[in-house]
Amino acid sequence: MNEQERKRVYEQAKDWILDAGAHIRNVIDEPLYIDTKSNPNDLVTQMDRDTERFFADKINQHYPEHHLFSEEGFGEELDSLQGTVWIVDPIDGTMNFVHQKKHFAISIGIYFDGVGEIGLIYNVMEDELYHAIRGKGAYKNDKKLPQLEPELSLEKSILILNGFWACENNRINERKVQALIKKVRGTRSYGSAALEFAYVAEGIADAYLTMKLAPWDYAAGVILVEEVGGITTQANGKTLDLLSNSTILSCNQTIQEQLVNDYIELKE
């Protein structure tokens, strides 16, 4: 992907994500068709499917040679990230969308030959667009986000963590998680992985730890966090596989080693 093409794709992706968000805001109070997927708490709505179809149609129309990897069935089954791949979550935080009508996002990560080139996360109801081109920095609307704090300590950090992982579970040592909660300044949980990445990129949270995300949950966030000097890996510090579900640790690099070595012990 040359510089001219990258800029063109970036500008169109921005236009499309803003258009999709505006449509959601316009119909937010209309009745919803709600279904479940893997379990009763894994919700999907007709709006998820309609929004993904919107992006699929736009990509097919303007970039038929590009690939779509996405959540609701309008993308392709991929075994590699060769070429240009759009990794899309049409509504990240569907439970928030259904129950609160806020705190959800549209997430798009665009990769070329496995390298994250463009990341966009749109906080729909707040009309806040987090966006980045590789090597050009990250932005919230028109404001460039600063690089992350270079001398951060864990004691002064805000950690994004679902409280479930401090309870007995089969994924992570909950006693170490409890110790981590006591160590950091505070914890938060927002119910949208995309927004949780965006908040790390913005510097209003310092780390995000979770035990299972799909590629469309994290593809855009990885790019945004990297552009402000952060790092995203598996929870044990290993490299991500962008085609697979994974544990996630996205954080300020200053605290990453301490988190991995002292507080994160996976059970699987």
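Biologist: Is isoleucine 133 buried or exposed?
Modeller: Isoleucine 133 counts as buried because its relative accessibility is 10%; buried means under 20% relative accessible area, with a 1.4 Å probe and protein chains only. Please note that this is a predicted model, in which local features need pLDDT of at least 70, side-chain atom pairs count only at pLDDT 80 or more, and totals for chains, interfaces and linings use all residues. Residues are numbered from 1 along each chain as its sequence is written, and side-chain values use heavy atoms, without hydrogens and water.

Biologist: Which residues is isoleucine 133 in contact with, leaving aside neighbours within four places in sequence?
Modeller: Isoleucine 133 is in contact (heavy atoms within 4.5 Å) with Arg6, Tyr10, Glu117 and Glu227, those neighbours left aside.

Biologist: How far apart are isoleucine 133 and leucine 180 in space?
Modeller: They are 33 Å apart, C-alpha to C-alpha, and 47 residues apart in sequence.

Biologist: Turning to the largest nonpolar core, which residues touch the most other members?
Modeller: Ile87, Ile121, Phe197 and Tyr218 do, out of 39 residues. Such a core is a set of buried Ala, Val, Leu, Ile, Met, Phe, Trp, Tyr and Cys residues joined through side-chain atoms within 4.5 Å. This core draws at least three residues from each of domain 1 (3-144) and domain 2 (154-263), with bounds from an automatic or database domain assignment.

Biologist: What does phenylalanine 197 contact?
Modeller: Beyond its neighbours within four places in sequence, the contacts of phenylalanine 197 include Ile121, Tyr218, Val222 and Ile248.

Terms used: Buried means under 20% relative accessible area, exposed over 50%, partly exposed in between (1.4 Å probe, protein chains only).
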